[in-house]
Every structure is written in structure tokens, then in C-alpha cells.
Amino acid sequence: MSKLKHLIKTSLKTIEVPSGSNLRKILLEHNIPLYNGKTQAFNCGGNGACGTCAVQVQTIDGHSKTQIMKRTLGEEVRLKLPPHLNKNEDIRLACQCTVEEDIEVQKFDGVCGHKLDKKVW
């Protein structure tokens, strides 16, 4: 039987959420700044089209790729386009990510959170 609640850990706070929660909605509800710069006003609103809500999602220990939470087809397609092309496979679109296990999330710099050498949170 799966857990009914999961943890989302960021450098800003740790949140307990119901299983199946949308990562984008949870981060925004908890005032965690998901969008960089002007993308706070100009984004697709969670439709998976713009790529500005990209975050790194790993298991709670922060060392490995999640095994349960798989990318959606739309997410796979969007993440194969610039600026995400050839980036870390742990990068996810928060709007397309359903929380199904305890995770650690990081946001990086750049319009689409694609500058993996500069962590925002």
C-alpha cells in the first residue's frame, strides 16, 4: 500500500503533500518561487508548453533519479527542445510532475531554469 502523503524537500522548506499532488501547484501554494525573472508573469500557466517551470527532481536523499515518477510524453518532447536539450535527466517540468514519492527539488537560474551550474534554491 502506498503512502497517502509524501515529502517535498527544497532548500527553502519541506512540505508534506497528498500523494498525486501537482508539483507546480504545491510549490506556488507554499510561496516557493518557481519562475525566474519575467517568467513569473509570462509562462504557459501549467500547460507544459513553455518549459519555464523546469526543476531538478531527485529522491529525498538527493542522490538518485526518481524511480516512480516518470516524465509524461509532452514533458519528454518539451525537454528535448532548447534550452533543455542535452540536460540532466532529473530535470522535470513542475507543471507535469505528479508527486508519487518523497522528493528533493532544486531550481536553477536562467529563463527556463536551465543553467544547472547556478542554483536558485
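Mentor: The protein chain has 2 helices and 7 strands; helices (H or I, at least four residues) and strands (E, at least two) are DSSP runs, numbered from the N terminus. From the N terminus on, the order is β-β-α-β-α-β-β-β-β. The radius of gyration is 13 Å, close to the 14 Å that the globule rule gives for 121 residues, so the protein chain is as compact as a globular protein of that length. That radius is taken over C-alpha atoms, and the rule is 2.2 Å times the number of residues to the power 0.38.

This is a predicted model, in which local features need pLDDT of at least 70, side-chain atom pairs count only at pLDDT 80 or more, and totals for chains, interfaces and linings use all residues. Residues are numbered from 1 along each chain as its sequence is written, and side-chain values use heavy atoms, with hydrogens and water left out.

The charges come next. The protein chain carries 18 positive and 13 negative side chains, with the centres of the two sets 6 Å apart. Lys and Arg count as positive and Asp and Glu as negative, while His and the chain ends are not counted; each charge is placed at NZ of Lys, CZ of Arg, CG of Asp or CD of Glu. Side chains of opposite charge can pair when their charged atoms come close.

The structure holds 3 salt bridges, a salt bridge being a side-chain nitrogen of Lys or Arg within 4 Å of a carboxyl oxygen of Asp or Glu. One of them joins Arg92 and Glu75, at 2.7 Å from N to O. Arg92 belongs to strand β4 and Glu75 to helix α2, so this pair ties together parts that are 17 residues apart in sequence. Arg92 is buried, at 4% relative accessibility, and Glu75 is buried as well, at 0%. Here buried means under 20% relative accessible area, exposed over 50%, and partly exposed in between (1.4 Å probe, protein chains only).

Another salt bridge links Glu76 with Arg71, whose closest N and O atoms are 3.6 Å apart. Glu76 is partly exposed at 28% relative accessibility, and Arg71 is partly exposed at 24%.

The side chains of Lys118 and Asp109 also meet in a salt bridge, at 3.5 Å from N to O. Lys118 is partly exposed at 49% relative accessibility, as is Asp109 at 23%.
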